[in-house]
Amino acid sequence: MWQGDLRFVLKSLILKDFRIRYRNMSLGVFWSLLNPSVMMLVMTFVFTKILPSSRPNFPVFVLCGLIPFSFFTIAWLSGTTSLIDNAGLIKKVRVPREVFPIAAVLSNCLHLVIQVALLLSIALFSGMHVTPRWLWLPLIWVLEVAFTCGLALGFSVLNVFIRDTRYVVESANTVLFWLVPIFYPFEAIPARFKNLYQYNPIAALVLAMRQVILDDTAPSASIMMKAGIVTLVAIGGGWLLFRQLKPRLYDYL
Amino acid sequence: MNAISFRNVTKGFSRHSGQQLLQQHLKRLITGKVPELFYALRDVSFDVPAGEGLAIIGANGAGKSTLLGITAGLAKPTSGTIEVKGRVAALLELGSGFHPDLTGGENVMLNASLMGLTERQAKRQFDEIVDFSGVREFIGEPLRTYSSGMVVRLAFSVAVNLDPDILIIDEVLAVGDAAFQAKSFEKIMQLRRAGKTFLCVSHSRDMLADICDHALWLEHGRTMMAGGFDQVFREYSDQSVPA
């Protein structure tokens, strides 16, 4: 029925988000850098001066955790509310509904790219070097974005039928801050929880990033496998749920 | 050949569906009570042959917008079947997706993408759209600096440049000042003469009379009368405006 161009719609919606976000900020892209920088400084202060940790390169260590975590929380939440935010469009335009959660997640990618640039510059500045292992990094981020898209698909339709969903997501994000190894190393986790931890793809990806950047090793196969499997499950489940509930969106928005 | 055909179409909405909280889902699960349905359309059937125009008339809440929404493929009927043949442009609202902080030009591209143009088509028609709207001077300015008349002119210009086979129009024809109204009406008549199919809702009889050959009168979701435009409109006016 709708013969438009999906890529064009996606591009237009993402551009709209960028333009609105950055046009109303006199400092523009600088804001994307400010938040992780401040968090990094505060955490570095806490964990080198107050509760000294023996970790070398603590700023890089903590950014490896903060950046994937903050992308995930913001993208998951804006993906979840995307259908309700665009209710007006959904009731008037025949655009495929999947574009809204996907565009919401992808709009946050510029943020991610800028923050990753910050992380890599600090890593280089702290004496680390670009190695062939860094080629693993794009794969890690693609997995994270894909996983978040899957969640956003599922949660965005749930949020239409059960409006409490967004509060569940918000609470989950707060809890997740402690359950993702952001300011503590993966090795500190007791052995019997370690296996379970790796099924949390955000934790797994933080770990993989640290292996690549800090230890200069390829991420362990078992971690990447688990992250890959969970990502596929999230995309498959999210897509099925979306397809199931999509025909009733008009009635409930 | 029929461009649009409805067969015994019924559309029900569950009441209070606007309030979807966990509490209500749980209550429903425990008590097993299925929410009562509100019927926006009951057993409606009609055909619009390709190249003709049908006006949908009736008081507020008669089910007109639901009927257009179903034709546009936005909602599924609860029962009955519909068939729509051809490329549809549903002008249910002007300027879908318009944002005040984007420039006029950026809004045109965004709106065009949502309405179903490809990027190539949108770029090719961009100048035509902007010229038609008559706001070229301000096209690089944010939309919030536009007057409301300028906004609808821009939105209307995207809409009429879609080149569909079927146009579904919900009260969006009378926009802008007198000069622009005349221009946009001429554009619509051009499409009409080019053999496009029209499905229109409007409270303005004059607007509908030139576009539509037939009319369907709805009340509380039921068909009151269907037939030739003048005949249906006469009956409708007699009843709704008591002498």
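Trainee: Which residues does A:Arg133 touch, not counting residues up to four places away in sequence?

Mentor: In this predicted model, local features need pLDDT of at least 70 and side-chain atom pairs count only at pLDDT 80 or more, while totals for chains, interfaces and linings use all residues. Residues are numbered from 1 along each chain as its sequence is written, and chains are lettered from A and ligands numbered from 1 in the order in which they are written. Two residues are in contact if their C-beta atoms, placed from the backbone, lie within 7 Å. With residues up to four places away left out, A:Arg133 touches A:Val212, A:Asp216, A:Thr217 and A:Ala218.

Trainee: Why does A:Arg133 count as partly exposed?

Mentor: A residue is buried if 20 or more other C-beta atoms lie within 10 Å of its own, exposed if 12 or fewer, and partly exposed in between, with C-beta atoms placed from the backbone. A:Arg133 counts as partly exposed because its C-beta neighbours inside 10 Å number 15.

Trainee: Where in chain A is A:Arg133 found?

Mentor: Helices (H or I, at least four residues) and strands (E, at least two) are DSSP runs, numbered from the N terminus. A:Arg133 belongs to the loop between helix H6 (109–125) and helix H7 (136–161) of chain A.

Trainee: Which element gives the most to the side of chain B that touches chain A?

Mentor: In total, 32 residues of chain B are in contact with 27 residues of chain A. On the chain B side, two or more residues come from each of helix H1 (22–31), strand S5 (88–91) and helix H3 (104–115). With 6 residues, the element that gives the most is H3(B).

Trainee: In which sense do strand S8 and strand S9 of chain B pair?

Mentor: Two strands pair if DSSP finds at least two bridges between them. S8(B) and S9(B) form a hairpin with 2 residues between them, and B:His220 in the turn has a positive phi of about 45 degrees. B:Leu218 stands opposite B:Thr223 in S9(B). Over 6 bridges, strand S8 (residues 214–219) and strand S9 (residues 222–228) of chain B pair in the sense called antiparallel.

Trainee: Which residues touch the most other members of the largest nonpolar core?

Mentor: A nonpolar core is a set of buried Ala, Val, Leu, Ile, Met, Phe, Trp, Tyr and Cys residues joined through C-beta atoms within 7 Å. Of the 133 residues in the largest one, those touching the most other members are B:Ile168 and B:Ala215.
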